[in-house]
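Let's take a walk through this structure by way of its aromatic rings. Have a look at the sequence and the model first, and then we'll go ring by ring.

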Amino acid sequence: MKEPFYKNGLKFQCQRCSGCCRFEPGYVFLTEDDVTSLLDVLKMERDAFLEKYCVKVDIGGSYRLSLAEKENYDCIFWENGGCSVYEGRPLQCRSYPFWASNLESPEDWDALGCSCPGVNKGCIHTREEIEDWLYQRKAHRLIEWR
């Protein structure tokens with residue numbers, strides 16, 4: 001089996017540019033653990049949370065639960081220069097930029113640097129850390145909304 005290009009780790013340090021949380025349309029798909037964490041932080045009931053902060057997204061005939069966006073494409077939880085639910089933010093947010101799509105090749109990783117100024121800066125995240133994020137993303141099923 002071929003070693004991944006990140007076998008010696010990758011440098012990443014969030015520059016707090018907000019590019020992954022704002023400005024462009026996108027989805028933050030949720031797991032049950034994400035919803036539980038957000039309910040704890042927000043002190044809300046599930047139905048009220050789903051109605052106020054979530055949208056149903058059609059992915060080829062199946063539906064996924066995503067956080068809503070504001071009209072300007074900011075995350076629904078972006079407030080006053082930061083994430084208002086940071087301590088309970090979803091796995092998708094916590095694991096960024098260590099997503100499978102960003103780790104397919106060195107070119108994919110370097111291309112991410114065009115939109116994310118934290119790529120190739122700061123401390124080294126080990127192969128084990130990176131693979132743990134990848135594992136968590138696979139192990140935690142996204143919510144299907146019927």
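Which residue lies over the face of Tyr86? It's Arg89, at 3.8 Å from the ring centre. Keep in mind that what you're looking at is a predicted model. There's another charge over a ring to find here: Lys56 lies over the face of Tyr63, and this time the distance from the ring centre is 5.1 Å.

Now for rings that meet other rings. Counting pairs whose centres lie within 6.5 Å, you get 7 aromatic pairs. Take Tyr96 and Trp99: their planes sit at 75° and their ring centres are 4.9 Å apart, so this pair is edge-to-face. As for how much of each residue shows, Tyr96 has a relative accessible area of 17%, so it's buried, while Trp99, at 22%, counts as partly exposed.

Next, find Phe98 and Trp109. These two make a stacked pair, with 10° between the planes and 5.7 Å from centre to centre. Where do they sit along the chain? Phe98 is in the loop between helix H3 (91-94) and helix H4 (106-112), and Trp109 is in helix H4 itself, so the pair ties together parts that are 11 residues apart in sequence. Are they buried or exposed? Both Phe98 and Trp109 are buried.

Note on methods: Residues numbered from 1 in each chain as written. Predicted model: local features only at pLDDT ≥ 70, side-chain atom pairs only at ≥ 80, totals over all residues. Heavy atoms only, no water. Phe/Tyr/Trp six-rings, centres within 6.5 Å; stacked < 30°, edge-to-face > 60°. Buried < 20%, exposed > 50% of the residue type's maximum accessible area, 1.4 Å probe, protein only. Helix = DSSP H or I, 4+ residues; strand = E, 2+ residues; numbered from the N terminus. Lys NZ or Arg CZ within 6 Å of the ring centre and 35° of its normal.
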